[in-house]
Amino acid sequence: YREEVMDHYKRPRNTGELERGVEAEGENASCGDKIHVYAQVENGEVSAFKHETEGCAICTAATSILSEKAVGISVDQVSGLDRDWIIDELGIDVSPMRVKCAVLGLRTLQDALRKD
């Protein structure tokens, strides 16, 4: 993996909980990844994002990167992000078997934002 991916895996950004806002849980049974995301929305934009991730390097790194990129963009923009976007952000080749790992954080954030 790229050095940046390993750094995000070993030292994930924005971990923990938020006391208010929306939240959702996601799971990738094929790899054992589990994630809990928390988001706050103000004026139609993600104003805060935190996560608790127990997952493989790809899942953890992708969610950590997402936690940095999602803040400050609109809920509509987040809902339009797809697997290609997060894989581009990771900057590595992701095998078809590992795509679920890469998109778990994004899909879980999108689920949480639908609750708002």
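**Loops, sheet, helices and core**

Colleague: Where is N14 found?

Modeller: N14 sits in the loop between α1 and β1, the latter being residues 22–28. Keep in mind that this is a predicted model.

Colleague: Noted. What is the phi of N14?

Modeller: Positive, about 60°, although N14 is not a glycine.

Colleague: And is N14 buried, partly exposed or exposed?

Modeller: Partly exposed, because its relative accessibility is 32% and that class runs between 20% and 50%.

Colleague: Then N43. What is its phi, and where is its place?

Modeller: Phi of N43 is near 55°, again a positive value in a residue other than glycine. N43 lies in the loop between β2 (33–42) and β3 (45–54). That hairpin has two residues between the strands.

Colleague: Buried or exposed, for N43?

Modeller: N43 counts as exposed because it has 83% relative accessibility, and the cut-off for exposed is over 50%.

Colleague: What about the hairpin of β1 and β2, which residue takes a positive phi there?

Modeller: G32, with phi near 90°. The β1 and β2 hairpin has four residues between the strands.

Colleague: On to the sheet. What is the order of the strands?

Modeller: The order is β1-β2-β3, in an open sheet of three strands with antiparallel pairing. β1 and β3 are the edge strands, each pairing on one side only. From one strand to the next the twist averages 20°.

Colleague: Switching to helix pairs. At what angle do the axes of α1 and α2 cross?

Modeller: Roughly 90°, and the axes come within 8 Å. Here α1 is residues 3–10 and α2 is residues 57–69. The two helices are therefore roughly perpendicular to each other.

Colleague: Which residues make the contact?

Modeller: From α1, V5, H8 and Y9. From α2, A57, T60, A61, S64, I65 and E68.

Colleague: And by class?

Modeller: Five nonpolar, three polar and one charged.

Colleague: Last topic, the largest nonpolar core. Which residues touch the most other members?

Modeller: F49, I58, L66, L90, V94, L109 and L113, out of 32 residues in that core. The elements giving two or more residues to this core are β1, β2, β3, α2, α4 (83–90) and α5 (99–114).

Colleague: Which element gives the most?

Modeller: α5, with nine residues.

Colleague: What does L113 touch?

Modeller: Leaving out residues up to four places away in sequence, L113 touches V22, A39, V41, V46, V75 and V78. A39 from that list is the residue I mentioned as the bridge partner of F49, and F49 is itself among the core residues that touch the most other members.

Colleague: That covers my list, thanks.

Key:
Residues numbered from 1 in each chain as written. Predicted model: local features only at pLDDT ≥ 70, side-chain atom pairs only at ≥ 80, totals over all residues. Heavy atoms only, no water. Axes fitted to C-alpha atoms, helices over the stretch in contact; angles between N-to-C directions. Parallel < 35°, antiparallel > 145°, perpendicular 65-115°, else oblique. Contact = heavy atoms within 4.5 Å. Nonpolar A, V, L, I, M, F, W, Y, C, P; charged D, E, K, R; others polar. Buried < 20%, exposed > 50% of the residue type's maximum accessible area, 1.4 Å probe, protein only. Core = buried A, V, L, I, M, F, W, Y, C linked by side-chain atoms within 4.5 Å. Pairing = 2+ DSSP bridges.
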